[in-house]
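Subject: Structure for your review

Dear colleague,

Please find below the structure that I am handing over to you. I would be grateful if you could read the notes that follow alongside it.

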Amino acid sequence: MTEMMKRIALARRPDGSPQPEDFRYEDAPMPVPGEGEVLVKVQYMSLDPYMRGRMDDAKSYAKPVPIDGTMEGGAVGEVITSNSKHFQPGDIAFGMFGWASHGCLPARELRKLDPAHGPVTAALGVLGMPGFTGWFGLTEYGRPKEGETLVVAAATGPVGSMVGQVAKARGLRVVGIAGGADKCKLAVEKFGFDLCLDHRAYSDGREMRAALAEACPKGIDIYFENVGGKVLEGVIPLMNVGARIPVCGMISWYDLGGLGGASDSPGKDNLPKLWRTILVNRMHVHGFIISDHFDHFPAFLSEVGPMVAKGKIAVQEDITEGLENAPAAFMRMLKGGNFGKAVVKVV
């Protein structure tokens, strides 16, 4: 009898916000590792905004998840079978195993983790792709300078909290934007932001701009873009000459379809004003996909790893129990319902 595993498959493509019917929790045949491959029993898996884009059949930097395919995602787990000299049963590994109880990948696509260095969930957040995204985008394209003002939305998420904390360590004034008073309190009290604004308190970009103008009396030098929407509309008029905008996401527009590129996207009528502001203020706007830059990952770990170990970088995780609950946790995250890095404990 074939041994089975559990997985979450993409049942259909969303029309707007993902719904429970877009996912299917099911049994699937257990993968059998071939030459050079490793079979892992997943312990924890990551939930990240980019996964919403993978659900659409739209041109992007990566292929969409096929209908009936396993939802994509990074995960950590224990090696149970290895056909590679680089891994032994009992090792802990990170890989793109997807939303599943088990995963099988070539050893060259895995990263071995040492549990003695801290919780293995760190590889999904603060010391994984999200933390790396924040660090790289800020340092490479934000080019922070002491005394400048930085604004970052989704301030308590794994990307935004990394951006803010690294910026504070480099002597910047850091203003966060988050959803709700509790998240704003977390940004200031745990992550050390100078100030945090609750975007839910402002109905549109004009109100957002007024609040930001008061919070940033010297204007904004760096805006780390990961949400779009009214936050972007509020920020743009306040950008200083020579300002920088690293762009890694636009979560507020993802449910429009086409990875946020639908023709009816909010703010499209403001495009001439946006373009003129970029020109007149000689701004630097740089979109980036973090998977293009993993050659910098060792430098990230060498700088941020010791900061995490010494408590100089704070960590907040939001852990959901059970693979079957991943879709609900994912949909909640897309609406801002998570409190820190969204993780699913699979076993």
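Predicted model: local features only at pLDDT ≥ 70, side-chain atom pairs only at ≥ 80, totals over all residues.

Helix pair. Helix 2 (residues 129-142) and helix 8 (residues 297-309) have axes that come within 10 Å and cross at roughly 90 degrees. The two helices, helix 2 and helix 8, are therefore roughly perpendicular to each other. On the helix 2 side, the contact is made by Gly 131, Phe 132 and Trp 135, which meet Phe 297, Ala 299, Phe 300, Glu 303 and Val 304 of helix 8. Sorted by class, this contact comprises six nonpolar residues, one polar and one charged.

Buried helix. In helix 9 (residues 326-334), seven of the nine residues are buried, so this helix is largely enclosed by the rest of the structure. Among the buried residues are Phe 330, Met 331, Met 333 and Leu 334. The buried residues of helix 9 pack against elements that include strand 1 (4-10), strand 3 (37-46) and helix 1 (50-54). Gly 336, which follows helix 9, has a positive phi, near 80 degrees.

Cysteines. A search of the whole structure gives zero disulfides. The cut-off for such a pair is sulfur atoms within 2.5 Å. The sulfur of Cys 196 lies 3.4 Å from its closest cysteine sulfur, in Cys 184, and this is too far for a bond. Cys 196 is buried, with a relative accessible area of 12%. For Cys 248, the closest cysteine sulfur is in Cys 196, at 17 Å, again too far for a bond. Cys 248 is partly exposed, with a relative accessible area of 26%.

With kind regards

Terms used:
Residues numbered from 1 in each chain as written. Heavy atoms only, no water. Axes fitted to C-alpha atoms, helices over the stretch in contact; angles between N-to-C directions. Helix = DSSP H or I, 4+ residues; strand = E, 2+ residues; numbered from the N terminus. Parallel < 35°, antiparallel > 145°, perpendicular 65-115°, else oblique. Contact = heavy atoms within 4.5 Å. Nonpolar A, V, L, I, M, F, W, Y, C, P; charged D, E, K, R; others polar. Buried < 20%, exposed > 50% of the residue type's maximum accessible area, 1.4 Å probe, protein only.
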